[in-house]
Every structure is written in structure tokens, then in C-alpha cells.
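Work through the exercises below with the sequence and the model side by side. Each task is followed by a solution in steps.

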Amino acid sequence: MARKSTTQRVVVSTIGAWFFGFLIFFPILWMVLASFKTELEAFAIPPSFLFFHWTTENYATVQERSDYFHHALNSIIIAGGSTLIAVLIAIPAAWSMAFSPTKRTKDILLWMLSTKMMPPVGVLVPIYLIFKTFGLLDSRSGLIFILCLGNLPIVIWMLFTYFKEIPRDILEAARMDGATIGRELVYVLTPMAIPGLASTMLLNLILAWNEAFWTLNLSTSNAAPLTVFIASYSSPEGLFWAKLSAASTLAIAPIIVLGWFSQKQLVRGLTFGAVK
Amino acid sequence: MGQITLQDVQKSFGPVHIIKGADLDIADGSFVVFVGPSGCGKTTLLRLIAGLEDVSGGKILIDGKNVVDTPPAKRGLSMVFQSYALYPHMSVRGNIGFGLKMAGLSKDDTNRKVEAAAATLNLTPYLDRKPRELSGGQRQRVAIGRAIVREPKAFLFDEPLSNLDAALRVQMRIEVTRLQKQLGTTAIYVTHDQVEAMTMADKIVVLNGGKIEQYGSPLELYERPANLFVAGFIGSPKMNFVTGENAAQKGAATIGVRPEHIKIERDGAGGWPGTIAVAEHLGSDTFLYVDAGPLGMLTARYIGELSLHAGDRVSLVPDPARIHRFDASGNALRN
């Protein structure tokens, strides 16, 4: 009896999970479908789900009208660059807070997180003026700088949690074994922290890739990443849902592929510390 | 060589004084055990010797050289941690050989030494396994292997057996002692278990509240405890303490007598009369917990079986030659 009820429960929860998974995924699916429709079918009511005239015309038009690869390259450079710099700054910060904490460590961590509670629009004008003064508007380095600062608190928090999980004894054992600080880092700490480092970088990459507020406000063409590319299709004159969908599909494709292949790391990263 | 000398070593964490001036001479090749209740500073003292904590004052000499400013890596000591602290991403071979690799030994020499150490500890079949694939006892052996392979001046053990089950603990206790004698390397061993201390040590350091209460061989501590604390801490079951008139008769504030030095007489004339509260029959020994009225609860040990039970009246007669006398401040009075 107990066995049967367990099977039933598994069936019910599996169906439930698939249902909610599908519900969450549906907008993305709808967007992908719309990108293969003609403009007329894209906003037809009632909408057609699968039986419409499939076309790739939208993708051709999008590539023709605006250079996808230029924007994609910008996205890669900005997301990748800001992640790399953030991690390089965060490693020593998280390290020192995890392994030689002081009375103020908790306060500093909370203070860092509190900067994320402020709506970015609150500092848009000062940041815009600073960017203007230093000639950073519409430059990749400017966007790398602002996205790096924006995500730094989260990166430090994540790495801090990872490093905290590394037992002190093991580092002390390495010290007793004659390892200098440098060798302790290379041979003991880094290999043990690699899973954490990888998932932190991955999450930060996704956050930076999808960041729209600063990229839309601080870039126009030269440094414009894929977010600007998508936004350029939501124009006030006329509705181009099919083309907007095609542009969006192209923009999210790389990060979805990356996320798909690294989902194990991501799940571990997001649930780390929750279960021992 | 591995002679370790502590001169007025002190350690404070903020306003808290953990080690209040420790002086100690540890001879080369000896097995010294630090024992005391939890929080007495024994692990801190070991970590000060290791260099994992900085001293707040005093000197630590290893072979005559003051090492207080020398980093742990350069002190030539090796340590076995309570948690084993193995490198989880390295095989057993990598774990044992790590110290040699850090010392810049060639691959061949490292392998040869690692294999020799593994053979001593019966670890040869597991050399290519990761720590997570080993049992607790095997992990402990790897940790010991990592310590011996470097041929250090001294081994430092921080409660290394406390995570093992009772049977394995007894077995490892014997192995560690045998290994230390065979290698002839100085060893400092921290434990809260006084049986481990008594059985393994050449000399015991009894610590309490950051102070060394007594330093001596196990039997010295048992037979001539320096004060009430050592008298009560060493020996199991604990020494009985009696105050008041009985003690005054002997010219002391407190007298102590070990359970094994009390004669049990069935019909209560003479000695200390009382009623048995609990009787424990182990076959080899009989322990009686006796309610002796104004004297409090007293423990008596009888070698062999004694058919007495709770509620029986007995009289306890202490062996006059084995009574320990203490003054009002708890220090032992010698004749």
C-alpha cells in the first residue's frame, strides 16, 4: 500500500512539475513560434499555435536591418569582461572575509548587499553625467565598468559562502605540510573552490548578459549589446511582433545554450549551502 | 632532534587570557600528552607550538632556536588534526606526498617514501583512492601517514582518535604508541580522555584554566598529584574527597583516597559507615557508590565479584598509607 501511494505521489508531482515548468517556459516558446510567423499571423486573433505558414523571413530582415553579430560581440565582451573583472576583485575580498573575519565583516557584507536594494534609476542622472564627463557614453569599457560594479556584491556574497564551506583545518594542514600562501592557493584552495567559482561566474555572466537598464541608457550603437538590439524593434510606429520575436530569440539563444549545458553547475550554485 | 621548550608562553584572544604563562621542557623522542577538561587551553597550546596561532608573549624553542616568528611551514613539525583534514581532491598518494612535493623532492623519491609510509600503515591497497572512498580509520591512517612521511622534528596530535568508535580507538591508540616508539620522534598529543593520556604518555601535562597544574609521568601523577584538581582528574573512577573532622585528624583541610584504596567491610564497625546507593557488577570489578551520610557519596572499588547490593550497609576503611592530604588552597601536603 505504502509503495502504491508513493508511486501515485511521484506521478502527480511529476505532472505538476511539468505543468508549471511549461507555464514558465510558455512565453519563450510563444516568442520563438511568433518569430517564424508572418507579421499578420503574429498578432492574429484567435492566434494559431502550430498550424501557420512557417517562414524564416523575419530572421533575414532582422540581420539585414541591424547587424546581429556586432551586437552579439558587444554582449560577449561586456558580459564576459565585467564577469572576469568582478571575479578578480571578489576573490581576494571574499577570501579575506571568509578566512580572517573581523567584527565588521558581517556589516560590510550587508552594506554591500544593501547597494542592490537601491533602484538603479535613482542614480541614473549622476552616473550619466559622470559617463559624459569621462567620455564613457556608448563605450564598451564604460558598460563593463558599470555592470561589474552592479554585480560585484552578489559575486562577493556567493564566493564568500563558498569559501566559508572550505574547512579551515585543510588550509592549516597545507600550511603544516610546508606550503607557502601562494602554493596553498594553487594546490589546495583553488582546486577545492573551482565548482563554486564556475557557478558564480556563470550566474554573473547571465545577469550581465540580460542587464537592460544601464545598457539601454548608456549606449546607442558602438557599444550597444543585444538588449539594445531587441529594444530597437519595439518602435512607436507600427507593431512588428514577428521581427521583435526574431530579434529576441537571436539575443537569448547563446545564453540559453550556455545555461542548458551548465545547468548542473547553476543549480549547485543557486542552492549551495541550503543542503549539507 | 626534536627538543621543545616553552618559556612563559602566553596567549590572549582580546581580553580573554587563554594561556597564562606555560613553562615546559619536552625531551627529544618523548611522548608527551596534554590533558585537561574542555576549554582548558590544551589545543591552543598545541596550535601555538605548531605556529597556527601567534603567541602573545614568551618563547617557544625548538632545538634551542626561538621559533615564535617562524611560520608553521618552516618549523619542521607535522600535525594530525581531529577532523583528519585530508585534501579531498587528492588521492591517498597525493595526500601523503603533498609535504614532500612542497619540500621539492623528486617524483621518484616522493613515491618511494610515500609507498614506504603506506606499507607501515597498511594503506598500500588504497593509494589511488580519494579520501571520501575510505573509512574513518583509514582516513586517520592517511593523516598519520602524511605526518610521518616528512620525518619531522615532532608530531603534533590534536585529539586524533576522538572521531573513531571505541574499539577502533583502542586499536589506533596502540598503533600510534608503537609507531612513535619505532620512529623515536618527539610527539605531543592532545586529548581530554585521561585513559588515553595514562596509557600513551611518557609524561603528562595536566592543564586547567590555561595553567599547567602538573607535569610528570603517568604514575607520578597518579601517586603524587600536586593538587586537588590533578588528584580528581587523573584516575577512574574519581578520587574520593573528604573534608571536615576526618581530614583535620590527619592535619589537612581535605583528604583524598582512591576507590581502589578503600577496603569494604560488610558489618559497619570502624571506618566510614554508609548505605550502598548503586552497585555496579562488571565481573572483573565491583564498583560501589556508597551514601556515607555527612561525608557525602563515596566510591569504592573491589577487584573481582562482591555480592553486595543497593541498600546494604557497609563500612569503608581507607588504606592509611594511600591517603592524599591537601591544604586549604588545594595543594598537596607532603610528609
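**Exercise 1. Two helix pairs in chain A**

Helix α4(A) passes α7(A) in a right-handed crossing. A crossing is left-handed if the near helix is turned anticlockwise from the far one by less than a right angle, and right-handed if clockwise. The model is predicted: local features need pLDDT of at least 70, side-chain atom pairs count only at pLDDT 80 or more, and totals for chains, interfaces and linings use all residues. Residues are numbered from 1 along each chain as its sequence is written, with chains lettered from A and ligands numbered from 1 in the order in which they are written.

Task: describe the packing of α4(A) with α7(A), then that of α3(A) with α12(A).

Solution.
Step 1. Locate the elements: helices (H or I, at least four residues) and strands (E, at least two) are DSSP runs, numbered from the N terminus. Helix α4 covers residues 68–99 of chain A and helix α7 residues 140–165 of chain A.
Step 2. The axes of α4(A) and α7(A) come within 6 Å and cross at roughly 40 degrees. Axes are lines fitted to C-alpha atoms, for helices over the stretch in contact, and angles run from 0 to 180 degrees between N-to-C directions.
Step 3. Classify the angle: under 35 degrees counts as roughly parallel, over 145 as roughly antiparallel, 65 to 115 as roughly perpendicular and the rest as oblique. α4(A) and α7(A) are therefore oblique to each other.
Step 4. The contact of α4(A) with α7(A) divides into 24 nonpolar, 4 polar and 2 charged residues. Here Ala, Val, Leu, Ile, Met, Phe, Trp, Tyr, Cys and Pro count as nonpolar, Asp, Glu, Lys and Arg as charged, and the others, Gly among them, as polar.
Step 5. For α3 (residues 57–65) and α12 (residues 241–261) of chain A, the angle is about 75 degrees and the axes are 9 Å apart. These two helices are therefore roughly perpendicular to each other.
Step 6. On α3(A) the contact is made by Asn58(A), Tyr59(A), Thr61(A) and Val62(A), and on α12(A) by Ala242(A), Lys243(A), Ala246(A), Ala247(A) and Leu250(A). Two residues are in contact if their C-beta atoms, placed from the backbone, lie within 7 Å.

**Exercise 2. Strands of chain B**

Task: which strands does β14(B) pair with, and what is the order of the open sheet of 4 strands?

Solution.
Step 1. Two strands pair if DSSP finds at least two bridges between them. β14 (residues 272–281) of chain B has 4 bridges to β17 (residues 313–318) of chain B, running antiparallel. One bridge partner pair is Thr275(B) with Arg313(B).
Step 2. Strand β15 (residues 285–291) of chain B is joined to β14(B) by 6 bridges, also antiparallel. Ala279(B) has Leu288(B) as its bridge partner.
Step 3. The hairpin of β14(B) and β15(B) has 3 residues between the strands, and Gly283(B) takes a positive phi near 85 degrees.
Step 4. The open sheet has the order β2-β1-β4-β5 (chain B), with antiparallel pairing. Its edge strands are β2 (16–26) and β5 (65–66) of chain B.
Step 5. Helix α1 (residues 42–50) of chain B lies across β1, β2 and β4 of chain B, at about 65 degrees to β2(B).

**Exercise 3. Contact between the chains**

Task: how many residues does each chain give to the contact?

Solution.
Step 1. Chain B gives 17 residues and chain A gives 15.
Step 2. β6 (77–80) and α2 (92–102) of chain B each give two or more residues to the side of chain B that touches chain A.
Step 3. That side of chain B has 13 nonpolar, 4 polar and no charged residues.
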